[in-house]
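Colleague: I have a chain to look at and would like to go through it piece by piece. Could we start from the model itself?

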Amino acid sequence: SMGLYFVHLFICGDIQDCSGPLSALTQLNTKVKEKFQQLRHRIQELEQSAKEQDKESEKQLLLQEVENHKKQMLRKTTKESLAQTSSTITESLMGISRVMSQQVQQSEEAMQTLVNSSRTILDANEEFKSMSGTIQLGRKLITKYNRRELTDKLLIFLALALFLATVLYIVKKRLFPFL
């Protein structure tokens with residue numbers, strides 16, 4: 001009974017004093033498991049010793065003590081498994097927290113990329129609008145030059161026709177003065 005009591009004090013004291021990282025708590029958990037193994041071994045030795053007793057009264061007394069130790073050990077083992085489960089859950093939560101932190105960081109990077117892309121698209125859109133204005137002006141100038149070209153061709157045609165008419169008039173007057 002005293003052995004379990006001292007292990008209990010050892011465990012509770014060390015766990016309560018442990019303010020370090022999870023690895024320190026894991027080391028304590030390993031020590032606790034070792035202590036429980038030692039206790040199980042001692043309980044088995046006590047049980048073997050009880051079975052070897054000659055006196056039935058001492059035998060029954062020691063077997064009763066063994067049963068008490070086994071019951072206490074069972075309660076301590078349940079606490080140990082709860083501590084182990086708690087440790088596992090803590091590790092899982094820390095892992096989830098790290099993954100969530102990485103996801104948040106990736107989301108921030110993606111958001112920054114989107115902001116930069118949006119800025120680039122807006123700049124390209126402004127440049128496109130500027131080019132669109134220049135293209136409109138170029139289209140108006142080309143249309144104006146096409147009209148002038150048509151006008152120039154018409155004037156050249158009329159001038160040529162007038163020249164030919166004048167030449168024909170002069171030739172007619174010189175060759176056929178009587179007409």
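Modeller: One term first: a residue is buried under 20% relative accessible area, exposed over 50%, and partly exposed in between. Keep in mind that this is a predicted model.

Colleague: Which residue forms a salt bridge with Glu 149?
Modeller: Side chains of opposite charge can pair when their charged atoms come close. The structure holds 1 salt bridge. In this bridge the closest N and O atoms are 3.6 Å apart, and the cut-off is 4 Å. The partner of Glu 149 is Lys 153.

Colleague: What is the pattern of the protein along the sequence?
Modeller: The protein has 3 helices and 0 strands. Read along the sequence, the pattern is therefore α-α-α.

Colleague: What share of the protein is buried?
Modeller: The protein has 179 residues. Counted with the cut-off of under 20% relative accessible area, the buried share is 10%.

Colleague: How far apart in space are Lys 70 and Ile 43?
Modeller: Ile 43 belongs to the largest nonpolar core, while Lys 70 lies in helix α3 and is partly exposed at 34% relative accessible area. In sequence the two are 27 residues apart. From C-alpha to C-alpha, the distance in space is 7.5 Å.

Colleague: What does UniProt list for residues 154–171?
Modeller: Over this stretch the chain is 100% helix and 0% strand. The C-alpha atoms at its ends are 25 Å apart. The unreviewed UniProt entry gives residues 154–171 as "transmembrane region".

Colleague: How much accessible area does the nonpolar patch with Val 171 have?
Modeller: Val 171 is in helix α3. A patch residue needs over 30% relative accessible area, and Val 171, at 40%, is partly exposed. The patch also includes Leu 160, Phe 163, Leu 164, Val 167 and Leu 175. Together, the residues of the patch have about 940 Å².

Colleague: Are the rings of Phe 176 and Phe 178 stacked or edge-to-face?
Modeller: A pair of aromatic rings is described by the distance of the centres and the angle of the planes. Phe 176 is partly exposed at 40% relative accessible area, whereas Phe 178 is exposed at 67%. Their ring centres are 6.5 Å apart. The angle between the planes is 90°, and planes over 60 degrees apart count as edge-to-face, so the pair is edge-to-face.

How values were computed
Residues are numbered from 1 along each chain as its sequence is written. This is a predicted model: local features need pLDDT of at least 70, side-chain atom pairs count only at pLDDT 80 or more; totals for chains, interfaces and linings use all residues. Side-chain values use heavy atoms; hydrogens and water are left out. A nonpolar core is a set of buried Ala, Val, Leu, Ile, Met, Phe, Trp, Tyr and Cys residues joined through side-chain atoms within 4.5 Å. Buried means under 20% relative accessible area, exposed over 50%, partly exposed in between (1.4 Å probe, protein chains only). Rings of Phe, Tyr and Trp (its six-membered ring) pair if their centres lie within 6.5 Å; planes under 30 degrees apart count as stacked, over 60 as edge-to-face and the rest as tilted. UniProt positions are given in the numbering used here, feature names are shortened, and annotations may be inferred rather than shown by experiment. Helices (H or I, at least four residues) and strands (E, at least two) are DSSP runs, numbered from the N terminus. Patches are made of residues with over 30% relative accessible area and no salt bridge: like charges are joined within 9 Å, nonpolar side chains (Val, Leu, Ile, Met, Phe, Trp, Tyr) within 5 Å. Accessible areas come from the Shrake-Rupley method with a 1.4 Å probe; for residues, only the protein chains shown count as cover. A salt bridge is a side-chain nitrogen of Lys or Arg within 4 Å of a carboxyl oxygen of Asp or Glu.
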